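Subject: Structure handover and notes

Hello,

Here is the structure for your files. My notes follow below it.

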Amino acid sequence: MLFLSFVVAPYLRKHPEIMGEAFQEVGKRFSLYGTLISLSLLFITGLVNTYLLHGGFRRSIYEKLFIFFVVVVVSLAHDLWAGKKAIGSEHHRKWARVLGIINLILSLLLVYLGVRIRLGY
């Protein structure tokens, strides 16, 4: 997510004629790794942590798993709906941007919850 915002987008602003196609290509190339594989691994490790960790922070783990499912839904909506149609539609391009920002915020919240769990809260 941050790679697209900090590296790809500034470069493409100088080349607007290829912007839509480049975002589509980068999205297709990294969607398998970012969405399918990494989210699957995060889900599996979350379930393992729920089973293995005991203590007062189990509620934090459940909160993190819930937010994780929201991230999965937002990611799927971004990748399969808005992202695919963004190249030909201003409406879908705006939705892709909004869903990407929501996904980033929720992902940062997941990092915060992970730190909170690690510290025992």
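By about how many helical turns are glutamate 90 and arginine 93 separated in helix 4? About one, because the two are three residues apart in helix 4. More on this pair below.

Ground rules. This is a predicted model, with residues numbered from 1 along each chain as its sequence is written. Local features need pLDDT of at least 70, side-chain atom pairs count only at pLDDT 80 or more, totals for chains, interfaces and linings use all residues, and side-chain values use heavy atoms, with hydrogens and water left out.

Overall layout

The protein chain has four helices and zero strands. Helices (H or I, at least four residues) and strands (E, at least two) are DSSP runs, numbered from the N terminus. The order from the N terminus is α-α-α-α. Along the principal axes, the C-alpha atoms fill a box of roughly 55 × 25 × 20 Å. The chain has 121 residues, and 26% of them count as buried. Buried means under 20% relative accessible area, exposed over 50%, partly exposed in between (1.4 Å probe, protein chains only). The accessible surface is about 8600 Å², with 70% belonging to carbon and sulfur atoms. Areas come from the Shrake-Rupley method with a 1.4 Å probe; for residues, only the protein chains shown count as cover. Take the contacts with a separation of 6 or more: residues 24 or more positions apart account for 58% of them. Contact means heavy atoms within 4.5 Å.

Salt bridges

The structure holds two. The criterion is a side-chain nitrogen of Lys or Arg within 4 Å of a carboxyl oxygen of Asp or Glu.

- Arginine 116 with glutamate 63: the closest N and O atoms are 3.0 Å apart. Arginine 116 lies in helix 4 and glutamate 63 in helix 3, so the pair ties together parts 53 residues apart in sequence. Arginine 116 is partly exposed at 23%. Glutamate 63 is partly exposed at 25%.
- Glutamate 90 with arginine 93: 2.6 Å, N to O. Glutamate 90 is partly exposed at 42%, as is arginine 93 at 36%.

Polar contacts

These are pairs of N or O atoms within 3.5 Å; within protein, one must be able to donate a hydrogen and the other to accept it, and residues adjacent in sequence count only if both atoms are side-chain atoms. Arginine 116 turns up again here: its side chain makes a polar contact with that of serine 60, at 2.8 Å. Serine 60 sits in helix 3 (residues 58–85). Serine 60 is buried, at 4% relative accessibility. Leaving aside neighbours within four places in sequence, serine 60 contacts Arg116, Ile117 and Tyr121. Asparagine 103, in helix 4 (residues 90–118), is buried at 9%. The side chains of asparagine 103 and serine 75 make a polar contact at 2.9 Å.

Aromatic pairs

There are four. Rings of Phe, Tyr and Trp (its six-membered ring) pair if their centres lie within 6.5 Å; planes under 30 degrees apart count as stacked, over 60 as edge-to-face and the rest as tilted. Phenylalanine 43 and phenylalanine 68 are stacked, because their centres are 6.1 Å apart and their planes at 15°. Phenylalanine 43 lies in helix 2 and phenylalanine 68 in helix 3, so the pair ties together parts 25 residues apart in sequence. Phenylalanine 43 is partly exposed at 28%; phenylalanine 68 is buried at 6%. Ring pairs link Phe43, Phe68 and Phe69 into a cluster.

Best regards
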